[in-house]
Amino acid sequence: MKIVGIIVEYNPLHNGHIYHIEKIREKANPDLIIAVMSSTMTMRGDLSIFDKFEKTKQALKASVDLVIELPLVYSMQRADIFALNAVSILNMCNVDEIWIGSEENNTLLYEKYYNELKKINISLKMKNEGISFKNATSSILPFKSNDILGFSYYKAIKDNNYKINLYTIKRENSDYLDKSPTNDKITSALAIRNNLSLINNYCPYYIESNNIINEEMLFPYIKYKILSLTKDELKNIFFVDEGIENNLYLVNKYSSLNDFINFLTTKRYTSTRIKRTLMYILFNIKKEDINSIPKPNYIRVLGYSKNGKDYLSKLKKNVNIYTNIKENINNSLDIEIKVTKIIDSIFDKNILFLEQKGPISID
């Protein structure tokens, strides 16, 4: 049995993702495709425009067999940590291969820069130069967005001696950072998020715009949370570094989340880092909360096809699997439930019910 893993966010799922899955079916001929997917919050700190269960339905309709969650504590992180956690989960799923989108479409480059990067202490470079992880690595890794992640997946596999082969599919017709369409069939997720009317032309027919959630609605709650915390309490929040709290307290001067992020962005603090920080503040997730959480040691199932469900019955003999969750099972899942409750209360969703009901299933 040949099992292929993919690592996705689907914010939103669009025609480029469909192309990716079709190419995997064509080139790898897998018996099963397993997707590890970030939850309602994404790696870069965005609130996904669809909640995780809506995204799961969409992934299953796109012919993914099994959707595994990458919870917020593992996903809303810098690229190398996101990649390590995602690959670790796919390794628990016994995947043979991971297939990713790539600008360069050349895994030999990953090997080359993996060997070069081993000679450099990235953490020390960040500290000495007062720069972000992205800036510390960009001078060494001449990659665009997909290949930065691709390299991180490669590094996770090599560092942990996982018996997984990594393959690439060339990204076609659009760049990750395209803010508007450059092609009449495929455009970036960013372009779609910038103009949601593009969903009609650049996403599969089953992506329905009436289920969208708008992250700007989070800003009043972020304001409240910042202003309700003391400096010492802010310093205890994960991703809040000493010195930034003074600027955080200027939040009342801003009327939009995007404007506030732009104000806080510096050479040291990228806009992505700032957005993650604000979301960790909103959800009141502390440094001690994250530091106490081990490497992923379970699989959280969001949805499956019949083939995916059959495979799970074999996998559960050796892996700790959760098909629905409640409080006090696991620290990382407790945080996921807390985030879900907050999202539910702000957007009047019903995600908590789905957390406890069990996986989404389609035939």
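Residues are numbered from 1 along each chain as its sequence is written, and side-chain values use heavy atoms, with hydrogens and water left out. Because the model is predicted, local features need pLDDT of at least 70 and side-chain atom pairs count only at pLDDT 80 or more, while totals for chains, interfaces and linings use all residues.

Strand β1 spans residues 3–8. Helices (H or I, at least four residues) and strands (E, at least two) are DSSP runs, numbered from the N terminus. Six of the six residues of β1 are buried, so β1 is largely enclosed by the rest of the structure. Buried means under 20% relative accessible area, exposed means over 50%, and partly exposed lies in between (1.4 Å probe, protein chains only). Ile 3, Gly 5 and Ile 7 point one way from β1. Val 4, Ile 6 and Val 8 point the other way. All of these residues are buried.

Strand β2 covers residues 32–38. This strand is mostly covered, with seven of its seven residues buried. Leu 32, Ile 34, Val 36 and Ser 38 lie on one side of β2. Ile 33, Ala 35 and Met 37 lie on the other. Both faces are covered.

The strands β1 and β2 run parallel and are joined by six bridges. Two strands pair if DSSP finds at least two bridges between them. Gly 5 stands opposite Ile 34 in β2. On β4 (residues 97–102), β1 has a further parallel partner, joined by two bridges. There, Glu 97 is the bridge partner of Val 4. β2 also pairs with β3 (residues 66–70), in the parallel sense and over five bridges. Ser 38 stands opposite Leu 70 in β3.

β1, helix α1 (residues 15–27) and β2 make a right-handed β-α-β unit. A crossover is right-handed if, with the strands pointing away from the viewer, the path from the first strand over the helix to the second runs clockwise. β2, helix α2 (residues 52–61) and β3 also make a right-handed β-α-β unit.

Glu 69 is found in strand β3. At 1% relative accessibility, Glu 69 counts as buried. Its side chain makes a polar contact with the side chain of Lys 52, at 2.7 Å. A polar contact is a pair of N or O atoms within 3.5 Å; within protein, one must be able to donate a hydrogen and the other to accept it, and residues adjacent in sequence count only if both atoms are side-chain atoms.

Empty space was then examined. Rolling a probe the size of a water molecule over the atoms shows where empty space is left. On a 1 Å grid over the protein atoms alone, a cavity is a set of points where a 1.4 Å probe fits but cannot get out, and a pocket is an open set with protein on both sides within 12 Å along at least five of seven lines; lining residues have an atom within 4 Å of a point. Grid points are joined across faces, edges and corners, and a volume is the space filled by probe spheres set on the points.

There are two cavities of 30 Å³ or more. The second largest cavity holds about 40 Å³ of space. Its lining includes Ser 39, Thr 40, Met 41 and Lys 52. Glu 336, Val 339, Thr 340, Ile 343 and Ile 351 also belong to this lining. Helix α18 (residues 331–347) gives the most, with four residues. By class, the lining has four nonpolar, three polar and two charged residues. Ala, Val, Leu, Ile, Met, Phe, Trp, Tyr, Cys and Pro count as nonpolar, Asp, Glu, Lys and Arg as charged, and the others, Gly among them, as polar.

Lys 341 also has its place in helix α18. At 37% relative accessibility, Lys 341 counts as partly exposed. Lys 341 and Asn 318 are 23 residues apart in sequence and 31 Å apart in space, C-alpha to C-alpha.

The second largest pocket has a volume of about 340 Å³. It is lined by 20 residues, of which Asp 80, Leu 117, Phe 133, Lys 155 and Asp 159 are the closest to its centre. Elements giving two or more residues to this lining are α4 (79–92), α5 (107–117), α6 (122–129), α7 (133–138) and α8 (145–159). The most come from α8, with six residues. The lining divides into 11 nonpolar, four polar and five charged residues.
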